[in-house]
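Thanks for making the time, everyone.

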Amino acid sequence: MITTFIASIALSIDMTPLERAIWKVETNCRTGEIWGDNHTSAGALQIGALYFQDSGIKGKWPQAVFDLDTSVLCFRGYMKRYAKPHRIPEGMSVEEFKARSHVGGPRGPFRKSSLPHWNKVKAELEKANNE
């Protein structure tokens, strides 16, 4: 409920359940100037400079990703580039592929190190489905 309320105030675009779950895991649904990973990731979705560049979104990192709408559009641009159906391994959901790509880059879904992040995102998705 609170997450939905916060999102409705902060966003002018609708977020998918996956985007909301990643936002919750990354920054507990905070917005604004948020830094992580020793200042290598920024904003509500904790987007790095190369991720931002790969997304094709106009603007300057990190200032652009301090805006939640821009962070979401950046996530979508990045996924449009990397979350191609032919890249998703058999047996892996699109949501898992995207969450693991978000945290681990283009090879993230194939790295064991991205699995803990996916498990947190999956738990948030399950929580939202039970509300």
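This is a predicted model: local features need pLDDT of at least 70, side-chain atom pairs count only at pLDDT 80 or more; totals for chains, interfaces and linings use all residues.

Of the 131 residues of the chain, 43% count as buried, where buried means under 20% relative accessible area, exposed means over 50%, and partly exposed lies in between, with a 1.4 Å probe and protein chains only. Residues are numbered from 1 along each chain as its sequence is written, and side-chain values use heavy atoms, with hydrogens and water left out.

On overall dimensions, the C-alpha trace spans about 40 × 35 × 25 Å along its principal axes. A compact globule of 131 residues would have a radius of gyration near 14 Å, and the chain, at 14 Å, agrees with that; the radius is taken over C-alpha atoms, and the globule rule is 2.2 Å times the number of residues to the power 0.38.

Turning to secondary structure, the chain has six helices and three strands, and read along the sequence they follow the pattern α-α-β-β-β-α-α-α-α. These are DSSP runs numbered from the N terminus, with helices being H or I of at least four residues and strands being E of at least two.

The three strands form an open sheet in the order 1-2-3 with antiparallel pairing, and two strands pair if DSSP finds at least two bridges between them. Strand 1 (35–36) and strand 3 (47–48) are at the edges with a single partner strand each, so one side of each has no neighbour in the sheet. Strand 1 and strand 2 (residues 41–42) pair over two bridges, and Ser-41 in strand 2 is the bridge partner of Gly-36.

Now, which residues of helix 6 are buried? They are His-117, Trp-118, Val-121, Glu-124 and Leu-125, and seen down the helix axis they fall within an arc of 125°, so they line one face of helix 6; the arc is that of the directions from the helix axis to the C-beta atoms. These buried residues pack against helix 2 (17–27) and helix 5 (94–104), with contact meaning heavy atoms within 4.5 Å.

Let me end on Glu-124, which lies in helix 6 (residues 115–129) and is buried, with a relative accessible area of 18%. Leaving aside residues up to four places away in sequence, Glu-124 touches Ala-21, Lys-24 and Val-25.
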